[in-house]
Amino acid sequence: MQRRKDNKGRVLRDGESYRKSDGLYMYRWTDKIGKRHTKYARTLEELRKIEEEIQHDIRDGIRIGEENITVNDVYEMWKKDKVGLKQTTFGNYTYMYEHFVKDEFGTAKVQNVTKSDVRRLYNSLVNENSTKHMSCYTLDSINTVLHQVFQTAVDDKFIRENPTDGALVACRKAHNFERTKRHSLTIPEQERFVDY
């Protein structure tokens, strides 16, 4: 069987092709639901790296062809599926997301968000010079929502891991924020309180 070759005589693998008209390499594959996808590269080496990433995603069950899904898109999915919360809690979560995350950070493609991006967002929100300055306590609410949103992306196979894991802890350390430890009242203190 005659194998296809590029302009340099290199044998191309299944799914690979070379277009003489513009010098681009192309990789085509069909996903598990029968949808065709195509990726392009300037060099064969670059194309093969793309192929490896695609095959890795396929093995891990990551959705392919969903590169344009944004954090806001996943937030809307999370919002529709979130049940069992008190209305005030849910209202607080949506307020925090829509006022501090949606306009800038929320427009990022979910597959491109890294832990560093999340840490930068958190640091910018607690920065004293920021127009949106907030305490680390308030940041807890934003972290709770973002963690759940990104967990939805993990569960639905848009991404492999949750980039919010550990980001709040790192932000607290960076800003020397420590929660004051709460101690329960001793029995004599409780008795005095009740008597009072």
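## Charge and surface

The model is a predicted one, in which local features need pLDDT of at least 70 and side-chain atom pairs count only at pLDDT 80 or more, while totals for chains, interfaces and linings use all residues. Residues are numbered from 1 along each chain as its sequence is written, and side-chain values use heavy atoms, with hydrogens and water left out.

The accessible surface of the protein is about 13200 Å², and carbon and sulfur atoms contribute 48% of this surface. Accessible areas follow the Shrake-Rupley method with a 1.4 Å probe, and for residues only the protein chains shown count as cover. Of the 196 residues, 35% are buried; the term buried stands for under 20% relative accessible area, exposed for over 50%, and partly exposed for values in between (1.4 Å probe, protein chains only).

## Overall architecture

Seven helices and three strands make up the secondary structure. Their order from the N terminus is β-β-β-α-α-α-α-α-α-α. The radius of gyration of the protein is 25 Å, well over the 16 Å that the globule rule gives for 196 residues, so the protein is more spread out than a compact globule. This radius is taken over C-alpha atoms, and the rule is 2.2 Å times the number of residues to the power 0.38. Helices (H or I, at least four residues) and strands (E, at least two) are DSSP runs, numbered from the N terminus.

Along the principal axes, the C-alpha atoms fill a box of roughly 95 × 35 × 30 Å. Among contacts with a separation of 6 or more, 53% join residues 24 or more positions apart; a contact requires heavy atoms within 4.5 Å.

## The nonpolar cores

The largest nonpolar core has 34 residues, of which Phe105, Val110, Tyr122, Leu139, Ile142, Leu146 and Phe150 touch the most other members. At least two residues of this core come from each of α2 (71–81), α3 (87–100), α4 (115–126), α5 (136–155) and α6 (167–174). Helix α5 gives the largest share, nine residues. A separate second core contains eleven residues, including Tyr18, Leu44, Leu47 and Ile64. Such a core is a set of buried Ala, Val, Leu, Ile, Met, Phe, Trp, Tyr and Cys residues joined through side-chain atoms within 4.5 Å.

Residues up to four places away in sequence being left out, Tyr122 touches Leu139, Ile142, Asn143, Leu146, Thr164, Ala167, Leu168 and Cys171.

Thr152 is part of helix α5 and is buried, at 14% relative accessibility. Apart from residues up to four places away in sequence, Thr152 touches Val74 and Trp78.

Lys157 lies in the loop between α5 and α6. Although not a glycine, Lys157 has a positive phi of about 65 degrees. The relative accessible area of Lys157 is 36%, and the residue is partly exposed.

Asp57, in helix α1, counts as buried at 19% relative accessibility. With residues up to four places away in sequence set aside, Asp57 touches Ile62, Ile64 and Arg160. Ile64 is also one of the residues of the second core. Asp57 and Asn68 are eleven residues apart along the chain, and their C-alpha atoms are separated by 16 Å.

Thr70 is located in the loop between α1 (44–60) and α2 and is buried, with a relative accessible area of 15%. Beyond its neighbours within four places in sequence, Thr70 is in contact with Gly106, Thr107, Ala108, Lys109 and Val110. Thr89, in helix α3, is partly exposed at 27% relative accessibility. Thr89 and Glu189 stand 100 residues apart in sequence, with 33 Å from C-alpha to C-alpha.
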